[in-house]
Amino acid sequence: MAGVAWEIGVIRGIADVDAALAARIAGADVLVGTSAGSVVAAQLAGGTPIEELYEAQLRGLSKEIDVDFDIEAMMAEWTRAAAGAEGDLRELRRRLGAMALAATTVDEAARREVIASRLHSHEWPAGQRLLVTAVDAQTGDLRVFDRDSGVGLVDAVAASCAVPGIWPPVTIGDRRYVDGGVRSVTNADLAGPCERVLVIQPMPLDMPRPFGNLDDELAELAPVRSYVIGGDEATVAAFGTNPLSPATREPAARAGRPIGAANAAALREFWG
């Protein structure tokens, strides 16, 4: 919840300074969405004006399920589940998937309704390449959904947002999928072969990442130019201890807006 609101706030802040630039970013050739980013990418690709998306965060229009969630407790549980993976990232993802499959969560259909309520359009964009990431809960393999994957947009986004142990793994065909952030919180390496890559991640740039290494991902894209926007202390405060709570929407959106505005001038030069 907080991540979605914050990212929308960042883009709204860019629009405050340069509305045309914000529109060009929203209309990028490729949008890669992971977890909260999959919701935002799908919303942007659906053509909803950023002003409308931002106001929706302030008014809390989507249907949501409030869960008792604590980041530190979740990370401790993930650490226990991953014990023994010994640096094997695929095995790590498989173990987290197994934990997710065994967890008691809300009903999968109820969770899907929440995701559907967030998206104004349930169709894949025709003129823009939208990539939505998820991880196979049984094999630990990355799955990238797009308009040619034969999977509905709502199901793809629901899979990308299926935080292990919190939300139910999403059933697609005979497979079940968990959050794409288990592979990487950004999956920026999937953005090639674009000439410029903008990464918006709702965490401070100096905060340890639980999964994926952004420097490595951007190195894979070299010599592609990249620009990264991350959170700050106000972002961390707005997210609180339960960033999945609907109560975080307004403070997170407001925390992201000045960050977008502060980066707008440099982004204008970067985007060309």
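The charged end of R111 sits over the ring of W167, at 4.0 Å from the ring centre, where such a placement requires NZ of Lys or CZ of Arg within 6 Å of the ring centre and within 35 degrees of the ring normal. The charged end of R257 likewise sits over a ring, that of Y54, 4.9 Å from its centre. This is a predicted model, in which local features need pLDDT of at least 70 and side-chain atom pairs count only at pLDDT 80 or more, while totals for chains, interfaces and linings use all residues. Residues are numbered from 1 along each chain as its sequence is written, and side-chain values use heavy atoms, leaving out hydrogens and water.

The structure also holds four aromatic pairs, a pair being rings of Phe, Tyr and Trp (its six-membered ring) with centres within 6.5 Å, called stacked if the planes are under 30 degrees apart, edge-to-face if over 60 and tilted for the rest. One of them joins W78 and F211, which are tilted at 5.5 Å centre to centre with 45° between the planes. Because W78 lies in helix 5 and F211 in the loop between strand 6 and helix 9, this pair ties together parts 133 residues apart in sequence (helices, H or I of at least four residues, and strands, E of at least two, are DSSP runs numbered from the N terminus). W78 is buried, with a relative accessible area of 9% (buried means under 20%, exposed over 50% and partly exposed in between, with a 1.4 Å probe and protein chains only).
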